[in-house]
Amino acid sequence: QSGTILQQSFVVTFVVRNQQCIECQAEFRQGSWKNLVQVRQRVGHKRTFLYLEQLILKHGAHRGALNIETFRDGMDFYFPDKGK
């Protein structure tokens with residue numbers, strides 16, 4: 001038996017991408033949050049929730065939040081640090 005050898009040349013391009021660890025990515029990313037406060041009220045009336053919303057606005061507790069999401073039965077507050 002005679003063996004056949006097949007030879008081919010081609011160009012290979014390597015791309016090296018530097019990556020950061022997850023903690024470092026979060027540190028430099030704008031708007032990254034570490035703490036989430038979820039407020040929910042599952043009742044027919046919303047009196048307590050409306051009162052809480054007035055207190056939050058009155059005392060400026062919303063100022064340190066990165067984002068505030070509203071839902072049918074509550075709100076989520078995203079904060080950058082625990083003390084904000």
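Strand E3 (residues 74-79) is largely enclosed by the rest of the structure, because six of its six residues are buried. This briefing concerns a predicted model. The protein chain contains two helices and three strands, and its elements follow the order α-β-α-β-β from the N terminus on.

**Strand E3**
- Gly-74, Asp-76 and Tyr-78 point one way from E3, whereas Met-75, Phe-77 and Phe-79 point the other way.
- In a regular strand, side chains alternate between the two faces of the sheet.
- The residues on both sides of E3 are all buried, where buried means under 20% relative accessible area.

**Pairing with the other strands**
- Strand E1 (residues 35-40) runs antiparallel to E3, and six bridges join the two.
- Asn-35 has Phe-79 as its bridge partner in E3.
- Strand E2 (residues 67-71) also pairs with E3 in the antiparallel sense, over five bridges.
- Within this pairing, Phe-71 stands opposite Gly-74 of E3.
- A hairpin is formed by E2 and E3, with two residues between them.

**Helix H2**
- Helix H2 (residues 47-59) has 13 residues.
- From its first C-alpha to its last, H2 reaches 19 Å, close to the 18 Å expected at 1.5 Å a residue.

**The chain as a whole**
- Of the 84 residues in the protein chain, 15% are buried.
- Among contacts with a separation of 6 or more, 58% are between residues 24 or more positions apart.
- The accessible surface of the protein chain comes to about 8,000 Å², and carbon and sulfur atoms account for 52% of this surface.

Terms used:
Residues are numbered from 1 along each chain as its sequence is written. This is a predicted model: local features need pLDDT of at least 70, side-chain atom pairs count only at pLDDT 80 or more; totals for chains, interfaces and linings use all residues. Side-chain values use heavy atoms; hydrogens and water are left out. Helices (H or I, at least four residues) and strands (E, at least two) are DSSP runs, numbered from the N terminus. The expected span of a helix is 1.5 Å times one less than its number of residues. Buried means under 20% relative accessible area, exposed over 50%, partly exposed in between (1.4 Å probe, protein chains only). Two strands pair if DSSP finds at least two bridges between them. Contact means heavy atoms within 4.5 Å. Accessible areas come from the Shrake-Rupley method with a 1.4 Å probe; for residues, only the protein chains shown count as cover.
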